[in-house]
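Look at the model, then read on.

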Amino acid sequence: MRRLSLSFSATALAAVALCAQSASAQCQGPFTGGAIPAVGTGGGGVFPGTLPPNPGVFTGTVTAPGAGQVLTSVKLNGLSHTWGGDVTMFLESPANPGTLHTVFSGGAADPNIDWINNSYEIVDPLETCRVPLPMGAGVGAANGIYAQNFNGFAGPANTANTALQSIPVGAGTWSLYAYDFVGGDVGTLTSWELCFGAAGTSCPPPPPPCGVCVTGGAGSAIPGTGAADGVWPTTLPLGPMVSTASITTPAGATALQSVKLLGLSHTWRSDVMVVLTAPNGSQHIIYAEDNTVNCGGCDDIYGGDYAFTDGAACPPANGTVPLCGVGVVPSGEYQQDFGGWPNGNAGLNTTPISAIPIAAGTNTWTLTIYDWCTGFDNGSLVGFDLCFEAATAPIAYCTAGTTTNGCNASISANVNPNVANNAGVTIAVANVEGQKQGIYFYGIDNTGFSPVPWSPGSTSFLCVKGPTQRAGSQGAGGTTNACDGAFSLNWDLFVTNNPIAVGVPFSAGDSIFVQAWFRDPPAPKTTNLSNAIEMTVQP
């Protein structure tokens, strides 16, 4: 068998992912911009109820968007202003004349943003992979794609905070208004564009889940009773928060994958040291960063849900904990860190989470949180969970494309494969366009990979990272122009008959990511894709 040759290089895939919104939309313009405000230096209004006079008003004539298309984005090219927080922009559609729809607003705080020839593409808030256009003080955000940011604007009756894709569209003259609420500063917009396309999000679907999580114990105040400072790194503080729980290890679990801290709050993050005691009594640092500073260090705040992992099974979604200065540490999954703690001091081990010993059955685990500055800041924990690397049923992930006849091909597998290739694995694809040819393809490493659009304008996503391997072609059967076609693959037989295919021979714990491709001539790239599954090879 040969590896599947796909027409995307790694660079091209990255570019498609970066430009997904623009690639799937048809843009009209550019239309000419101008001064902000039109005359003078702004002011004369009261935010947000009274709009100031002399807005920059920029018009552009749009031909009729395609049937069923919506406004997907507004491109602002060459935006400059010496105090960007003064500016609120609106869009008026010929299909809804007289109503000004908010594109973004500087807000009541009027931050001192310095825009210098910045270019932004503003998209609908449903594009959840895009952050709202930042409105903090300082240099303007980097050029890129951002979600609408209404920033608390609630103006007069002729204005509306309408998501872009809900703004009525039509042919004719569109107007972009740029109001400047405070005098003393000025700016310009070089040009602007309107982009139209299919409703919905261009954000890639999430990757498959990593780990099987089990509820742990309840938390309490940090520090606990009898608190007293310790001496780093030899004497531990007294009065830590302690939570003990009986936890049943999932069947087939091979290692600990992550430790989740739910509802962790603390007003001085570097005070916090998290330790997990395994069923055999050994103690292991999950996260620490004091490094002898005692009551100094970082005054950022914990205020959310946090998970820590060593990345052995899946890289942490949020990388390392941000450097000091972020204010509130965002909720997320972060890399385990031992700080400067020497391994074994005070009985605490610097063990990667995946190497902490686990045991089958129900066992006692204890989470301890030490506070290295007990006399000042404090916090609390709602509870903790443990997540294990464990065998589960094959996991479906990613999103199937919608075919010309409205079919969404769905892939599944009845069981996970095993090393001996005799588990009886059948990989099935249902809801395929009838009478179409297709193939299965698979990969063995999705590390660091996010699904990317299959083609400009396509609703399918490529969900498997290369190198990939074809697993034979077949006809879908069924009825032309209907969704009753299907594929079926005997995985055990395929592996047995193809001893030099990618990944063969497989070992216990290996991951296999499988997706189906099939013909759909009227569709972009004349093809479409199913969703995908992740299988884990069993002993």
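Q: Why is Cys 195 called buried?
A: In this predicted model, Cys 195 has a relative accessible area of 0%. Buried means under 20%, so Cys 195 is buried.

Q: Why is Cys 27 called partly exposed?
A: The relative accessible area of Cys 27 is 29%.

Q: What makes Cys 27 and Cys 195 a disulfide?
A: Their sulfur atoms are 2.0 Å apart. The cut-off is within 2.5 Å, so the pair counts as a disulfide. Cys 27 lies in strand 1 and Cys 195 in strand 11, 168 residues apart.

Q: Why is the disulfide of Cys 27 and Cys 195 called right-handed?
A: The torsion about its S-S bond is about 100 degrees, so the disulfide is right-handed.

Q: What is the handedness of the link between Cys 398 and Cys 463?
A: The torsion about the S-S bond is -70 degrees, and the link is left-handed. The sulfur atoms of Cys 398 and Cys 463 are 1.8 Å apart. Cys 398 sits in the loop between strand 25 and strand 26, Cys 463 in the loop between strand 30 and strand 31.

Q: Why do Cys 398 and Cys 463 count as buried?
A: Cys 398 has a relative accessible area of 15%. Cys 463 has 0%. The cut-off is under 20%, so Cys 398 is buried, and so is Cys 463.

Q: Why is Cys 324 called partly exposed, and why is Cys 298 called buried?
A: Cys 324 has a relative accessible area of 48%. Exposed would need over 50%, so Cys 324 is partly exposed. Cys 298 has 5%, and buried means under 20%, so Cys 298 is buried. These two cysteines form a disulfide, with sulfur atoms 2.2 Å apart.

Q: How do you know that strand 25 and strand 34 pair?
A: Three bridges join strand 25 and strand 34, in the antiparallel sense. Pairing takes at least two bridges, so the two strands pair. Ile 395 stands opposite Glu 534 in strand 34.

Q: What makes strand 25 and strand 31 edge strands?
A: The open sheet has the order 25-34-33-28-31. Strand 25 and strand 31 each pair on one side only.

Definitions and conventions:
Residues are numbered from 1 along each chain as its sequence is written. This is a predicted model: local features need pLDDT of at least 70, side-chain atom pairs count only at pLDDT 80 or more; totals for chains, interfaces and linings use all residues. Side-chain values use heavy atoms; hydrogens and water are left out. Helices (H or I, at least four residues) and strands (E, at least two) are DSSP runs, numbered from the N terminus. Buried means under 20% relative accessible area, exposed over 50%, partly exposed in between (1.4 Å probe, protein chains only).
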